[in-house]
Amino acid sequence: MKKKLIRKSIKSTVLLLSLLAAMTSLASLAVAVAEVDMDLMQRIEESTKSVDSNISLKDGKAALADAREIEEMFSQVELYYKHKGDATDAIEYARKSKNFATELIRQVSEKDFDNASATVGALAKSCKTCHQVYKKS
């Protein structure tokens, strides 16, 4: 009888912990979705200008920090549009921009500032293209 009670208690605890983990995941998702706002887009724009400047100055440390930040922010944008739905193009723009940031990280790490400069130009163009479709006046 006591073993049955212990098993039931363990099952209940496991179920409760699983439920708690699921709720935490949903809360994290809600935070990620809510965080894509004009402030985030402004930070992306500022970081893109900063990485461009730092690449021109061949400041690898600062450019690398900017590129990592841009990569993370575009991950948030991509997640937002995935969960928003009906925004296939926006998901692709965000993914493409995130990939540009990943490429910047590689190029700056290798001190390939010439190609990094071209990549930041492509990143800025990708932002502009997306904004023509999705940015509200």
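**Entry 1: helix α4**

I began with the interior of α4 and listed its buried residues as Ala90, Ile91, Ala94, Ser97, Lys98, Phe100, Ala101, Leu104, Ile105, Gln107 and Val108. I took buried as under 20% relative accessible area, exposed as over 50% and partly exposed as in between, with a 1.4 Å probe and protein chains only. The model is predicted, and I note that local features need pLDDT of at least 70, side-chain atom pairs count only at pLDDT 80 or more, and totals for chains, interfaces and linings use all residues. Residues are numbered from 1 along each chain as its sequence is written, and side-chain values use heavy atoms, with hydrogens and water left out.

I looked up what covers these buried residues of α4, and found that the cover includes α2 (38–56), α3 (60–84) and α5 (113–134). Helices here are DSSP runs of H or I with at least four residues, strands are runs of E with at least two, and both are numbered from the N terminus.

I checked the length of α4: its 22 residues reach 32 Å from first C-alpha to last, close to the 32 Å expected at 1.5 Å a residue. The expected span is 1.5 Å times one less than the number of residues.

**Entry 2: Ser97**

I then turned to Ser97, which lies in α4 (residues 88–109). Ser97 counts as buried because its relative accessibility is 2%. Its side chain joins that of Ser126 in a polar contact of 3.0 Å. A polar contact is a pair of N or O atoms within 3.5 Å; within protein, one must be able to donate a hydrogen and the other to accept it, and residues adjacent in sequence count only if both atoms are side-chain atoms. Leaving aside neighbours within four places in sequence, I found Ser97 in contact (heavy atoms within 4.5 Å) with Phe74, Leu123 and Ser126.

**Entry 3: helix pairs**

I recorded that the axes of α3 and α4 come within 8 Å and cross at roughly 160°. That angle makes α3 roughly antiparallel to α4. Axes are lines fitted to C-alpha atoms, for helices over the stretch in contact, and angles run from 0 to 180 degrees between N-to-C directions. Angles under 35 degrees count as roughly parallel, over 145 as roughly antiparallel, 65 to 115 as roughly perpendicular and the rest as oblique.

For α3 and α5 I noted axes 13 Å apart and a packing angle of about 30°. The two helices are therefore roughly parallel to each other. Gly60, Ile70, Phe74 and Tyr81 of α3 make the contact with Phe113, Leu123, Cys127 and Tyr134 of α5.

**Entry 4: Ser47**

Ser47 lies in α2. Leaving aside neighbours within four places in sequence, Ser47 is in contact with Asp66, Glu69, Ile70 and Met73.

**Entry 5: Asp59 and Lys111**

I placed Asp59 in the loop between α2 and α3. Lys111 follows α4 and has a positive phi, near 60°. Asp59 and Lys111 are 52 residues apart in sequence and 9.3 Å apart in space, C-alpha to C-alpha.

**Entry 6: whole chain**

I counted five helices and zero strands in the chain. Of its 137 residues, 31% are buried.
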